[in-house]
Amino acid sequence: MKRLLTTAAALVLAGPAFAEGELKVYHWFEYIPQELVDKFTAETGITVTIDTYDSNEAMLASLKAGRMGQYDVAVPGDYMVQIMAGEGLLDTFAPADLPNFGNIAPQWLDVPFDPGRQSSIPYQWGSTSFSVNRDVYQGDIGTLAMIFDPPEELKGKINVLDSQGEVLTLASLYMGIPQCNTDREQLKALSDMLVAAKAHWASFGSDTAKDVLVSGDAAAGMIYNGFSAKARAEGANVEYAYPKEGFVVWMDNVVLLKDAPNRDNALAFMNFLLDPENAAAVTNYAAYTAGVTGVAPFLDAAIAESPENNPPADAPAGSFIEVCDAETQKLYDAIWTNLKK
Amino acid sequence: MAGPGTSGGGGGGGWRPLLVPLLMPTWLTIGIFLVLPVALMAVYSFLTKEFRGGVIWDFTLAAYDQFFVDRGLFGDEPPAIEWTYIAIFWRSIWQAGLATLFCLLVGFPTAWFIATRPASQRGVWLFLITIPYWVNLLIRTVSLKFLIRDNGPLNEGLMALGVLDAPVTLVNTNLAVQLGLFYSYLPFMVLPIYAAVERYNFALSEAAADLYASRWVTLREIVIPVVKPGIVAGCILVFVPSLGAFLAPDLLGGAKTFMIGSLIEEQFKGSLGNWPFGAAASMILMTLVLCALMVYARSASQAAGQGAAR
Amino acid sequence: MSRGVRHYPGFGWMTVLCLVILYAPLIVVTVYSFNGSTSITTWGGFSLRWYVDVFTGPEAPRFKAAAWNSLTIALIAATVATAIATAAAVAMHRAGGFRGRSLTFALINLPLMVPEIVVAVATLIFFTMVGITTGYMTILIAHITFCIPFAYLPIAARLQGIDEGYEQAARDLYAGRGQAFFLVLLPLMLPGVISGYLLAFIISLDDFIITNFVKGAGMETLPTAIFGSVKQGIKPNIMAISTLMLAVSAVFVTLSYLVNRVGRKSP
């Protein structure tokens, strides 16, 4: 308590000045185990503060609303890395800055959203579709109609992610239309379909997506695969679907933010996360898949073999969310605003 | 409100020469950190929205246009009246109004009951009413959500008693939002009505009773007109915060039922990132509230005038 | 007879209903905070484990830091706001009539009249525009501002009831203005000042909406930290924290109530 008092007093007196051994992380909710953060602090003496967000778009909006220069690293999804780079929000580093750079899995090294990995390193990757409570609905769930044209049992009991990219991409997959579409008739149809579907939804929420399934407030919900695995582990009888129309695959990446107040500490943190044992610790906690080689010996068997992480053989390929140009994006923004209003 | 002042030139302590230094901190603090920000917000509502958050310093009516005019999904159709946001405002007014009505229906009898207790007991009753108000609103809202969830204590309890066969879904409904608002602001209704009833001259009721007026006729014809300023104050105190409430719609309404508060919040904190629109919606909300307050001020001064006439 | 016109059938029951509505959720949360089970829906016997968890569990450092921020901000904001409000109250009630008195009165009460969400938005825009990094200071400034009317109202009410003769007498006996204030007026005003202080303290401690808008990176107060946790579902440790905050609030209201009673009995 005494130590706490002195540090707090120092903080109060020093105001918002940034001490030497600090790191400010802007991260997704419930995505890094506290033990791992403590381990990093123990190894480096750097204290870590974590703020959380619940969608890529919210993170971007918040950074642009005066939070740039306050955080060192953030963890955007693939398409958001590209958008942030385009907005000039990212700083670059050289592979030599990160001794563990060579641990990045080869297929995640030269990615289209950050060619040559100049500002980002892989964090975890996974998929987004939906889960259904099998106590409530026993039929076939291998279709996105569960969310967009739900059966009677699920109507009014569906939670949808509060995330523009994922909702609009899944809806496009359901309708069989391409992403970054400029065909107005098709976009109108997409918008109409979503507005009609919304009548059957109970709530929008990303950080609540697991809890509503566990508590039974929702019987079906759009969700990330690892989050669904955690819901199942917490006792919900939910099954994660790999729908026939397709689903979203994503990779979250740790990026170095421009004007990072603690750049060296940020690089130390990124290097730390590229260590296979540490990457595996995140995987064991969040139940997704690491983008680092050599994690296998450290993984819990239950995570490695979970149905959420291992799509059935006949599942279609997943799609990454595409980045549209500003004009096209405006159309999608209009659809989302119209849906949310 | 101005009041004539205590006496001409300086009061008893001779504070007159210090008037400006004594008031300067108030003027500066509220002037710089509230009046100026509100003025800046007004300016912001006329700026251009930058793609995904932020503003560009080009003056435009786009935010108000978006609020009031519907140009189709992609902005290329002939303009029509945009009902969406008006509907959100209307729904907020309606929800806040219903919450106010419920508060009045429960709050008036409560205030009356407390004011008619012996003087020594009143303090304790008031104390009981005010404690929940001092408990963090967030915690109260969370508690309420926990209580009314599908498999929460309320549903389980009613089912165990055999009142219900299946749980009633309350969470994520408009009813839950109303319940939340009602619960949040109920003490605000009780206290001003109590203050008015406490000053009420019960001889008026007795005179009415002597003239064979029934209790309820007396209540309607005598009591309510006399304590009306208290009722109006209570309604304002419940209605205004309900109108801009954010926690109840977000936590109890599932963030799906937009109300003004959550609509504005979404523009700044959520994925939409439209600051000028958020500023414009705030301006419209503030205008509505100030209008409501002016109506109140007018009815209060009328009541004061009537009191003086008597 | 007088008992008769005061009595309306059913009003007593409405009062009971009112209290049940107000207290049921709080009692339920208090009871469940002693639940030994990890699930909030099943009862696992009486236990203090979630109180232990609040202080030692994985989220403990976050909550401790948030509690410390909340406490220091509330202390500083209430102190500054009370000082400002006391000065304003003396000027408003002791300096006689002056031009701009009603405007000043409106200004003091402005934070009460503008909806909280609007204040939050305006303050955020202001700090962004003048380029102040959001953080501890911005929360503090915002809190001082909206605490002023809450501190002012009880102080002004008290001051109105104090006869000017007290200070007049002191001045007649050659007390300086400072002596008249600190030795005579302030002691008389003290119950009002204390209740204003407590009111401002609680209001600052409770604020969520404005803090949520103007807090900076890694900066949490207790309400924003709780909100962050609650969004992911109500967990038993949240109920324990809520019960603790409930207890703190109850202590403060009781204090304020007692101070007022004592105050009413003195002059």
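Guide: Chain B exposes about 13100 Å², and carbon and sulfur atoms supply 68% of that surface; accessible areas here come from the Shrake-Rupley method with a 1.4 Å probe, and for residues only the protein chains shown count as cover. This is a predicted model, in which local features need pLDDT of at least 70 and side-chain atom pairs count only at pLDDT 80 or more, whereas totals for chains, interfaces and linings use all residues. Residues are numbered from 1 along each chain as its sequence is written, chains are lettered from A and ligands numbered from 1 in the order in which they are written, and side-chain values use heavy atoms, with hydrogens and water left out.

Chain B has 12 helices and four strands, where helices (H or I, at least four residues) and strands (E, at least two) are DSSP runs numbered from the N terminus. Its C-alpha trace spans about 75 × 70 × 35 Å along the principal axes. Of the 310 residues in chain B, 52% are buried, a word that stands for under 20% relative accessible area, with exposed meaning over 50% and partly exposed the range in between (1.4 Å probe, protein chains only). If one takes the contacts in chain B with a separation of 6 or more, 62% of them involve residues 24 or more positions apart, contact meaning heavy atoms within 4.5 Å. Chain B also carries 18 positive and 17 negative charges, whose mean positions are 11 Å apart; Lys and Arg count as positive and Asp and Glu as negative, while His and the chain ends are not counted, and each charge is placed at NZ of Lys, CZ of Arg, CG of Asp or CD of Glu.

C180(A) is partly exposed at 22% relative accessible area, whereas C324(A), at 14%, counts as buried.

The C-alpha atoms of chain C fill a box of roughly 70 × 65 × 30 Å along the principal axes, and 60% of its 267 residues are buried. Residues 24 or more positions apart account for 73% of the contacts in chain C with a separation of 6 or more. Chain C exposes about 10400 Å², of which carbon and sulfur atoms supply 71%, and it has 17 positive and 10 negative side chains, the centres of the two sets lying 5 Å apart.

For a view inside chain C, consider S204(C), placed in helix 9 (residues 177-206) and buried, with a relative accessible area of 3%. Leaving aside neighbours within four places in sequence, S204(C) is in contact with I73(C), A74(C), A77(C), H143(C), F146(C) and C147(C).

Finally, chain C meets chain A through 16 residues of its own and 17 residues of chain A. The two chains bury about 1700 Å² between them, 59% of it on carbon and sulfur atoms, buried area being the accessible area (1.4 Å probe) that two parts lose on being put together, summed over both. W68(C), A217(C) and Q232(C) supply 38% of the area that chain C buries against chain A, more than any other three residues.
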